[in-house]
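Hi,

Here is the structure for you to look through. Open it first, then read my notes below.

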Amino acid sequence: MRTKLLVAALTAALLLYLVLVGVRGVLLVASGDPVGVALGIAVLVLPVVVLWTVVRELMFGRATEVMARELAEAGRLPPDDLPRTPSGRIQREAADAAFAGYRAEAEAQPEDWGAWFRLSCAYDASRDRKRARAAMRHASALHRVARAAG
């Protein structure tokens with residue numbers, strides 16, 4: 001709940017900032033000066049791009065939360081039993097060793113969104129964030145298909 005409140009507060013602050021930037025962009029366009037108009041248009045594009053990115057990330061987070069809840073209820077979440085360093089990070093060697101099993105599971109069941117979710121967690125534990133996000137996006141797409149099918 002605390003994380004959701006923080007995200008809501010940061011999103012609200014960002015929206016206020018985007019409104020203020022948008023107002024400046026409109027003022028620049030209204031100036032009529034060719035340079036001002038060009039800058040105003042550029043300034044107006046920025047809030048649109050940022051808003052699209054924020055909405056996309058919030059939707060990704062929500063989808064991940066829904067999938068995690070469903071897997072937890074079914075007892076299919078990966079266990080959090082890997083050894084950790086004194087700072088609390090998962091030991092890379094242990095994460096890499098566990099990764100092979102999750103990869104094999106996803107390869108054996110390519111249409112199982114839960115397998116891809118667990119593979120994403122394994123990538124994250126191995127500190128490969130790019131592949132973790134890609135696997136989670138794939139899990140999300142499979143999850144949407146599974147929900148639509150019934």
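Val26, Val29, Ile41, Leu44, Val45 and Val49 make up a nonpolar patch on the surface, with about 440 Å² of accessible area together. Helix H1 (2-30) and helix H2 (34-73) each give two or more residues to this patch. H2 gives the most, with four residues. Val29 lies in helix H1 and is partly exposed, with a relative accessible area of 31%.

The model is predicted: local features need pLDDT of at least 70, side-chain atom pairs count only at pLDDT 80 or more, and totals for chains, interfaces and linings use all residues. Residues are numbered from 1 along each chain as its sequence is written, and side-chain values use heavy atoms, with hydrogens and water left out.

Some terms. Areas use the Shrake-Rupley method with a 1.4 Å probe. Partly exposed lies between buried (under 20%) and exposed (over 50%).

The largest pocket holds about 370 Å³ of space. Of its 19 lining residues, Asp80, Leu82, Ile90, Cys121 and Ala125 are the closest to its centre. H4 (113-125) supplies the largest share of that lining, five residues. The lining has eleven nonpolar, no polar and eight charged residues. A pocket is an open set of points on a 1 Å grid where a 1.4 Å probe fits, with protein on both sides within 12 Å along at least five of seven lines; lining residues have an atom within 4 Å of a point.

Best wishes

Notes. Patches are made of residues with over 30% relative accessible area and no salt bridge: like charges are joined within 9 Å, nonpolar side chains (Val, Leu, Ile, Met, Phe, Trp, Tyr) within 5 Å. A salt bridge is a side-chain nitrogen of Lys or Arg within 4 Å of a carboxyl oxygen of Asp or Glu. Buried means under 20% relative accessible area, exposed over 50%, partly exposed in between (1.4 Å probe, protein chains only). Grid points are joined across faces, edges and corners, and a volume is the space filled by probe spheres set on the points. Ala, Val, Leu, Ile, Met, Phe, Trp, Tyr, Cys and Pro count as nonpolar, Asp, Glu, Lys and Arg as charged, and the others, Gly among them, as polar.
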